[in-house]
Amino acid sequence: MWRRCLAGGTVVVASITLWKSHVVVTEPRRMKQENSIKLTSREKRFINFASVEIDGQLYMTPQDFLDSVIEQEPRPRLKRKFLGLTEIGFVKDVTPSLNKGSSQLFRNLRDKGIVSYTEYLFLLSILTKPHSAFRIAFNMFDTDGNQRVDKHEFLVMERIFSYAWREKRGIGSDKEQNEYMLTNDEGLQRRHKIDTTLQVHFFGPKGNKDLHYEGFYKFMDDLQTEVLELEFNEFSKGKPAISEIDFATILLRYTYLDVDDHDKYLDRLLDRVEEKGITFKEFRDFCQFLNNLEDFSIAMRMYTLADRAISKDEFSRAVKICTGFTLTPHIIKTVFAIFDEDGDGLLSYKEFIAIMKDRLHRGCKSAQRTEGWDAFKQCLKNEIRQSRL
């Protein structure tokens, strides 16, 4: 359904998605209530976006995974694609080797690949964890210290990271949780008898290659870049930079802020910052800093002691210590314009960290949507802001 609003002589078209995929529980004939478990928000999201079923088990395609991180709802489809075990040989044929990977990997593969639920959780970890965490994990399983792991060692590491996600039960009411049930036979995290896209990419069609840390690091960096490019390009429309308002919108749209609070942050930014634009490098550096948010939080608690607000110089120094790189003065000025409530040049780091932690869970939460009169007012506000830039 489409709604239109008029502001400043410009017609703005706002899309309100009414379609919602149905959750299909696998193997319904074998389900017994006493053997069922409640689904977490991650499990429900995976089921909603997974478009492939093989031997009674659900899988995402590479495009499904990207959509699950960026989009509110999965793309409309009539039904899932059902494949037999003999029909998935295409995965080995179309998946490039690790040394041919790029930040276009998932976008190039689109629907020609499969991603298991365990891998879905693992990939989400890559998007939200600092590289140092994976370096430690990689070294733990690199028992002989030769900077490589084999397929079996990697699968163990992958499941450890995915179980860390599994232990964090999803956010939602009991009513929401009871809507969906799943058989408790390892649920979605069964051991898979088939080679997925990720396994073929890392270990080759025969699964006999070793994974070197350099290749794994490049894959992590490429995946983070690919997702950030999708978010950035949504607003840049092919231009080299996005506006400061666009930057704030990206940061805040997956948080639990209500509409009024969300608008308050955007209006505050509009009054304080002269438009200069945010480049992709600035955007990427800031988002990678957010993956180090836990270290930053610890550094700030140790530094401030009395939980006092921090200055731009203190913020910049803490980022440098935690990440090893420096954010540009403009990106820091923009962040302070958003989160400096009193306009005194100081940042309440507790508020900043709380909201940015919401941002890190963008693959689980949906951006706030409004309908009717609220949607019309929001559309007008957005257009007015853009006209003031």
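**View 1. A cluster of aromatic rings.** Ring pairs join F232, F247, Y265, F280, F283, F286, F289, F296, F315, F336, F339 and F352 into a cluster. Rings of Phe, Tyr and Trp (its six-membered ring) count as a pair if their centres lie within 6.5 Å, with planes under 30 degrees apart called stacked, over 60 edge-to-face and the rest tilted. This is a predicted model, in which local features need pLDDT of at least 70 and side-chain atom pairs count only at pLDDT 80 or more, while totals for chains, interfaces and linings use all residues. Residues are numbered from 1 along each chain as its sequence is written, and side-chain values use heavy atoms, with hydrogens and water left out.

**View 2. The pair Y213 and F216.** A search of the whole structure finds 35 aromatic pairs. The ring centres of Y213 and F216 are 6.4 Å apart and their planes stand at 65°, so this pair is edge-to-face. Both residues belong to helix α10 (residues 213-236), where they are three residues apart, about one turn of the helix; helices are DSSP runs of H or I with at least four residues, numbered from the N terminus. Y213 and F216 are both buried, a term that means under 20% relative accessible area (1.4 Å probe, protein chains only).

**View 3. The pair F247 and F286.** F247 and F286 form an edge-to-face pair, at 5.5 Å centre to centre and with 70° between the planes. This pair links distant parts of the chain, since F247 lies in helix α11 (residues 244-252) and F286 in helix α13 (residues 280-290), 39 residues apart. Both F247 and F286 are buried.

Methods. Helix = DSSP H or I, 4+ residues; strand = E, 2+ residues; numbered from the N terminus. Buried < 20%, exposed > 50% of the residue type's maximum accessible area, 1.4 Å probe, protein only.
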